[in-house]
Number of protein chains: 2
Amino acid sequence: MHQTTVKDIGEQGLLAKLQRFCPADIIGDDGAVLPLLADQNLVVTTDVLVDKVHFSEQTTSPEDVGWRAAAANLSDLAAMGAMPLGITIGLSLPGDTPVDWVEALYQGCDRCLKSYQTQIVGGDICRSSVISVAITAFGQVKPDRVIRRFTAQAGDAIVVTGIHGASRAGLELLLNPDLGQDLCQNERDNLINSHQRPRPRLDVLPHLWNLSEFIPASRNGWIAGMDSSDGLADAVLQICRCSGVGAEIEKSLIPIHPGLTQWVSPEDAIAWALYGGEDFELVLCLPELAAEQLVKKLGKPAAIIGKITTAKAVILQDSLGSGSPEELSLSQGFQHFSP
Amino acid sequence: MHQTTVKDIGEQGLLAKLQRFCPADIIGDDGAVLPLLADQNLVVTTDVLVDKVHFSEQTTSPEDVGWRAAAANLSDLAAMGAMPLGITIGLSLPGDTPVDWVEALYQGCDRCLKSYQTQIVGGDICRSSVISVAITAFGQVKPDRVIRRFTAQAGDAIVVTGIHGASRAGLELLLNPDLGQDLCQNERDNLINSHQRPRPRLDVLPHLWNLSEFIPASRNGWIAGMDSSDGLADAVLQICRCSGVGAEIEKSLIPIHPGLTQWVSPEDAIAWALYGGEDFELVLCLPELAAEQLVKKLGKPAAIIGKITTAKAVILQDSLGSGSPEELSLSQGFQHFSP
């Protein structure tokens, strides 16, 4: 049976179908017009996803590609402390792409955005030999609430807002369905869901706004932080590099999905938590009292996993285990275009 | 001789080279943070350009691809009445793309933006089998100065801010260097430049802000308009369709490049002006007194080319020539994915 393709209905036909994902008062002009709150900074972030590089038929339905793309961009906004205003989608695709595929992509994107009270506000579609999805997200933040990477200070506690390693575990289960036979269906679904439908932590921001009383006025800059999309280790290393500080992390304090430890070795579990990436949690550095307050508000599995030091190195301690302290480095991270 | 390719230096190497095009205080976080003026709306617009579809080695150097991509997006902002805040570039490209090509692309983009006091504020790079450039531009505009397509009113004069058909003529000269032998070198360069280095009309906006005294307070909505990137005919038709009005345009009033009439028939010249596209001028509908004032401020070749009517049709009059009135239609326009 012939599936209707983009070529069959043409650019105008496809645009007409996709307009239902875009607010009616925004469509049909040279650009989208969005109201801004008073006294805000604009935050802008952009990501490109390419077929066979960032997603594949095997592990990612078009709905999931859309959800994940939207989630990754919202997570970048959360990492800057900004609440979302909307996203644009620049889509390149072959003429033989099924229209259903494109609609499902937009549907996934739209569902993720809607669950964070935001929306697709514009886009462009273009013919190409390979599917590429370029998303730009923009948000607003009060100038004194911008979360930067360079304001971590020795003595700060390091908070993670949730578990790590779950997205990587979910990906492994999708790629190798024979793995993790001891997991119950619920745990399995949960890990796979962590990979397919990650949830950016915009919900954390209002809690941060209430921490002022626990942050000394004398502090140079506000809370430091970023998201853990490229892995927890990468996040701590980037923050330390940008802030000119070091860190000590306690292995046993890193929140790991309980399903994970039933199935892989503790070494693999910690490696996935540190380097797996795509958990889209926030990694925040702030004064200890503020950190304790934040973790209390967020509840488990949010946790303080270590502290910022004056050293230049990021050290992974293992005070409960028998391992010796280990220095983390960026070269263990993820690189596109690597040979 | 082996040219250094993207694969040779890796993603990090390429990013390091491209960072010089991005302000130092914006680099190296999850997103760019930009100050906003008080009491503004945000305007966002996005475009995707794909190799072999929107540009080719024959007619477009990488500098020109960058310039044109930036110019097209700035023109969309101008068409909304917005002054630019910056752009992001989402680049997909094969590993064997020469690094020089990518740097030249950014250079062209940067030069165009700098000449309008704006800049590249973020981006993403990703491996793909085909080059695709997704640009998102954002600008700010006071809510009562947004230029929309749906506020044209019967009686409004239609202003074009400059000549039409020059970009298409320049493209023809590039594709067929034997054409236009009667043109002097200066005219030839000028037409080619119109195609390769179009100039978005952001300079027009401050003139519009000074027209308040010529626009009755009773008017429902401000100036209507859009840019002529898809052709002058398309712009008038879109505005009329969105506003539920018609228009009469006088053929002899459409400003055409003088070089064009020496080289092609009057019929071809007018067809290129109406349907050629990519001239990136503004097409504005406003009360007659305001229009006259605007044309005086802008100087030639800006011109009033006709008026908005209560009819539903857009009629091309030829009062100087012998032709009978002709009704324009969107189907003569440009369509991607057309069979």
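1. In this predicted model, 59 residues of chain A are in contact with 59 residues of chain B, two residues counting as in contact if their C-beta atoms, placed from the backbone, lie within 7 Å. The elements of chain A that each supply at least two residues to the side touching chain B include helix H1 (6-18), helix H2 (62-80) and strand E2 (41-50), where helices (H or I, at least four residues) and strands (E, at least two) are DSSP runs numbered from the N terminus. The largest share of that side, nine residues, comes from E2(A).

2. By class, the side of chain A that touches chain B holds 27 nonpolar, 21 polar and 11 charged residues, with Ala, Val, Leu, Ile, Met, Phe, Trp, Tyr, Cys and Pro counted as nonpolar, Asp, Glu, Lys and Arg as charged, and the others, Gly among them, as polar.

3. E2(A) also runs antiparallel to strand E1 (residues 32-35) of chain B, to which four bridges join it, and two strands pair if DSSP finds at least two bridges between them. In E1(B), B:Leu34 stands opposite A:Leu42.

4. E3(A) and E4(A) pair in the parallel sense over seven bridges, and A:Leu91 stands opposite A:Ile125 in E4(A).

5. Residues are numbered from 1 along each chain as its sequence is written, and chains are lettered from A and ligands numbered from 1 in the order in which they are written. Local features need pLDDT of at least 70 and side-chain atom pairs count only at pLDDT 80 or more, whereas totals for chains, interfaces and linings use all residues.
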